[in-house]
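Subject: Structure handover

Hello,

Here is the structure we talked about handing over. My notes on it follow below.

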Amino acid sequence: MRHDYLISAKQLSRGDIEAVLDRAAEIADDPGAVAHSHDNDLLGLLFFEPSTRTKMSFDTAMKRLGGDTVDMGSVESSSVKKGESLADTVRVIEGYTDAIVLRHPSEGAAKLASEFVDVPVINAGDGAGQHPTQTLLDLYTIRENAGFDDLTIGIMGDLKYGRTVHSLAHALTNFDASQHFISPESLRLPRSVRYDLHEAGAQVREHTDIENVLEALDVLYVTRIQRERFPDENEYRQIAGEYRIDAELLEQAKDDLTVMHPLPRVDEIAPEIDETEYATYFEQAHNGVPVRMALLDSIL
Ligand code: NCD
């Protein structure tokens with residue numbers, strides 16, 4: 001990984017990933033040891049799309065390292081509303097902060113921003129493109145709960161527009177995982193991602209029906225149908241709700257199946273699952289803090 005920025009999970013080697021996860025585990029064990037390690041560092045938060053977990057966990061992570069954050073706030077309350085370009089916005093913010101975290105509705109926005117500034121840019125989601133820091137916390141959660149040896153993972157839902165899926169699938173090629181993609185035909189993984197996985201020699205299978213593969217899975221990664229990225233609202237309505245898991249379905253799963261979700265959840269996981277041993281999605285969200293602390297510590 002180039003340590004000056006993180007734009008795509010494709011940049012991450014197995015060694016890069018393991019270094020961040022190992023550091024995150026150390027930090028999770030003893031957060032006090034790093035509480036003042038970045039006392040003078042400032043992180044810029046530029047979120048052009050809604051966010052709860054990603055933004056708040058970056059904010060928490062920077063503050064837990066002793067640093068602070070500067071937040072652009074909502075698009076409505078910033079100069080973006082007056083027509084300022086992304087390039088101009090990031091060129092200004094680089095003068096205020098030591099690194100920039102950017103979420104933007106356009107694919108390629110983080111890469112573009114990184115070309116205009118000298119401070120590190122961290123991609124916190126670019127349209128239907130990539131979300132590499134989510135992937136790091138996903139991998140941390142997988143390692144803690146299922147491990148990477150002989151891992152069989154099912155990734156279900158909106159594989160076309162879901163950026164967390166695109167990043168995770170790439171990163172998993174470093175671990176020889178067997179990857180099963182479960183979605184309606186219209187929300188299959190994009191051709192470009194399938195091509196990259198093929199080039200990386202990944203073991204990939206695609207399914208339209210979860211029941212064909214559920215019993216083989218160690219991890220089931222469920223995702224939200226990305227309503228905001230659907231060109232057609234009617235098509236969204238038709239599909240939403242079809243790819244949903246509940247307690248009855250999970251009777252067919254391994255007892256130690258790990259169910260993950262990047263959140264926010266809409267209807268994809270019945271709330272009755274929350275109280276079971278399968279549910280790992282809140283732990284997954286919490287892991288965002290030590291993982292982002294480890295990442296910031298290595299980048300800054
Ligand atoms: C995801 C995102 O923004 O891509 N959320 C997150 O960062 N945890 C998933 C989603 O919006 O469905």
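Leaving aside neighbours within four places in sequence, which residues is Leu139 in contact with? The contacts of Leu139 are Ile17, Leu21, Phe148, Leu168, Ala171, Leu172 and Phe175. Please keep in mind throughout that this is a predicted model.

Domains

The protein is divided into domain 1 (9-130 + 287-299) and domain 2 (132-286). Taken over C-alpha atoms, the centres of domain 1 and domain 2 are separated by 24 Å. On the domain 1 side 34 residues take part in the contact, and on the domain 2 side 28 residues do.

In general, nonpolar side chains of soluble globular proteins tend to be buried together.

Helix 11

Helix 11 covers residues 288-299, twelve residues in total. From its first C-alpha to its last it reaches 16 Å, close to the 16 Å expected at 1.5 Å a residue. Ten of the twelve residues of helix 11 are buried, so the helix is largely enclosed by the rest of the structure. The buried residues are Gly288, Val289, Pro290, Val291, Arg292, Met293, Ala294, Leu295, Leu296 and Ile299. Note that Arg292 is on that list.

What do the buried residues of helix 11 pack against? Their partners are helix 1 (14-29), strand 1 (42-47), helix 2 (53-64), strand 4, helix 5 (132-145) and helix 10 (281-286).

Four strands form an open sheet in the order 2-1-3-4, with parallel pairing. Its edges are strand 2 (68-71) and strand 4 (121-126), each of which pairs on one side only. On average, and ignoring direction, neighbouring strands of this sheet are turned by 20 degrees against each other. Strand 3 (residues 99-104) pairs with strand 4 in the parallel sense over four bridges.

Strand 5

Strand 5 (residues 152-156) runs parallel to strand 6 (residues 178-182), and five bridges join them. Ile153 stands opposite Gln179 in strand 6. Five of the five residues of strand 5 are buried. In a regular strand the side chains alternate between the two faces of the sheet. Both faces of strand 5 are covered, with Thr152, Gly154 and Met156 buried on one side and Ile153 and Ile155 buried on the other.

A buried threonine

Is Thr141 buried or exposed? Thr141 lies in helix 5. Its relative accessible area is 0%, so Thr141 counts as buried, the cut-off being under 20%. Not counting residues up to four places away in sequence, Thr141 touches Met260, Thr280, Gln284 and Asn287.

Backbone points to check

Most residues other than glycine have a negative phi, and most peptide bonds are trans.

- Leu263 and Pro264 are joined by a cis peptide bond, with omega about 5 degrees. Pro264 lies in the loop between strand 9 (258-260) and helix 10.
- Asp150 has a positive phi, near 55 degrees. Asp150 is in the loop between helix 5 and strand 5, and with a relative accessible area of 74% it is exposed.
- Asp176 has a positive phi, near 55 degrees. Asp176 is in the loop between helix 6 (163-172) and strand 6, and at 63% relative accessibility it counts as exposed.

Regards

Notes: Residues are numbered from 1 along each chain as its sequence is written. This is a predicted model: local features need pLDDT of at least 70, side-chain atom pairs count only at pLDDT 80 or more; totals for chains, interfaces and linings use all residues. Side-chain values use heavy atoms; hydrogens and water are left out. Two strands pair if DSSP finds at least two bridges between them. Helices (H or I, at least four residues) and strands (E, at least two) are DSSP runs, numbered from the N terminus. Axes are lines fitted to C-alpha atoms, for helices over the stretch in contact, and angles run from 0 to 180 degrees between N-to-C directions. The expected span of a helix is 1.5 Å times one less than its number of residues. Buried means under 20% relative accessible area, exposed over 50%, partly exposed in between (1.4 Å probe, protein chains only). Contact means heavy atoms within 4.5 Å. Domain bounds come from an automatic or database domain assignment.
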